[in-house]
Amino acid sequence: QTRFVEPARRKQYRLLNDSEQELYHRLCEAMPNMQIFVQVGVAQLALARGRQEAQRLSRMAGRGVDFVICDHDFSIVAAIELAWPTSGQEIDNAEEVKRVALQSLGIPLIVFRPNKLPDADTISREIADAIIRRKRLEAERD
């Protein structure tokens, strides 16, 4: 007897995993008037500040953030990272290096945990706080 066996199907490539997709939808719900960009490199964010900033942060090449939130005029409001809590110091250090680099650009970093995704109201409050922090960071840069 001849039997047809279906070949194993490869999992379709997606830009965002399930947790990132869930957070993306919550971000859209929380901030319907904002622009949300996914998988943005820190080097691109530095380049938006100018060539000197990009050169200064060249060590961040290859590192990115999961989401960048922009206002209606595409000014950057905050960066959002979705990361599992870790006990490893080197991973915590990597997150801190990213936070400091973004802070030097005047961009606050918000970190959410996949196992504790916030609701839209909580996200709205976090973004409002980030806007205040961003204005403070910008004032310090001037």
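**Figure 1. Contacts of Leu-23 and the nonpolar cores.** Leu-23 touches Phe-67, Ile-80, Leu-82, Phe-112, Leu-117 and Ile-123, leaving aside residues up to four places away in sequence; contact means heavy atoms within 4.5 Å. A second, separate core of 15 residues includes Val-42, Val-68, Leu-102 and Leu-109. The largest nonpolar core has 20 residues, of which Leu-23, Leu-27, Met-31, Ile-69, Ile-80, Ile-123 and Ile-127 touch the most other members. At least two residues of this core come from each of α1, β2, β3 (76-82), β4 and α5 (120-141). A nonpolar core is a set of buried Ala, Val, Leu, Ile, Met, Phe, Trp, Tyr and Cys residues joined through side-chain atoms within 4.5 Å. Buried means under 20% relative accessible area, exposed over 50%, and partly exposed in between (1.4 Å probe, protein chains only). Helices (H or I, at least four residues) and strands (E, at least two) are DSSP runs, numbered from the N terminus. The model is predicted: local features need pLDDT of at least 70, side-chain atom pairs count only at pLDDT 80 or more, and totals for chains, interfaces and linings use all residues. Residues are numbered from 1 along each chain as its sequence is written, and side-chain values use heavy atoms, with hydrogens and water left out.

Figure 2. Helix α1 spans residues 18-30 and contains Ser-19. Ser-19 is partly exposed, at a relative accessible area of 23%. With residues up to four places away in sequence not counted, Ser-19 touches Leu-82, Pro-114 and Leu-117. Ser-19 and Leu-117 are 98 residues apart along the chain, and their C-alpha atoms are separated by 8.4 Å.

**Figure 3. Asp-66 in strand β2.** Strand β2 covers residues 64-70 and includes Asp-66. Asp-66 is buried yet has no salt bridge; a salt bridge is a side-chain nitrogen of Lys or Arg within 4 Å of a carboxyl oxygen of Asp or Glu. The nearest side chain of opposite charge is that of Lys-98, 6.9 Å away; Lys and Arg count as positive and Asp and Glu as negative, while His and the chain ends are not counted. Asp-66 touches Glu-20, Phe-37, Val-38, Gln-39, Ile-80, Glu-81 and Leu-82, not counting residues up to four places away in sequence.

Figure 4. The whole structure holds 4 salt bridges. In one of them, Lys-98 pairs with Glu-81, with the closest N and O atoms 3.1 Å apart. This pair links distant parts of the chain, Lys-98 in helix α4 and Glu-81 in strand β3, 17 residues apart. Lys-98 is buried at 11% relative accessible area, and Glu-81 is buried at 12%. Glu-96 forms a salt bridge with Arg-99, the closest N and O atoms being 3.7 Å apart. Both Glu-96 and Arg-99 lie in helix α4, 3 residues apart, about one turn of the helix. Glu-96 is partly exposed at 40%, as is Arg-99 at 26%. Asp-18 forms a salt bridge with Arg-14, at 2.8 Å between the closest N and O atoms. Asp-18 is exposed at 53%, and Arg-14 is partly exposed at 32%.

Figure 5. Leu-105 lies in the loop between α4 (89-104) and β4 (109-112). Leu-105 is buried, with 0% relative accessibility. Leu-105 and Leu-45 are 60 residues apart in sequence, and their C-alpha atoms are 7.9 Å apart in space. Cys-28 is partly exposed at 30%, whereas Cys-70 is buried at 4%. The structure holds 0 disulfides, a disulfide being a pair of cysteine sulfur atoms within 2.5 Å.
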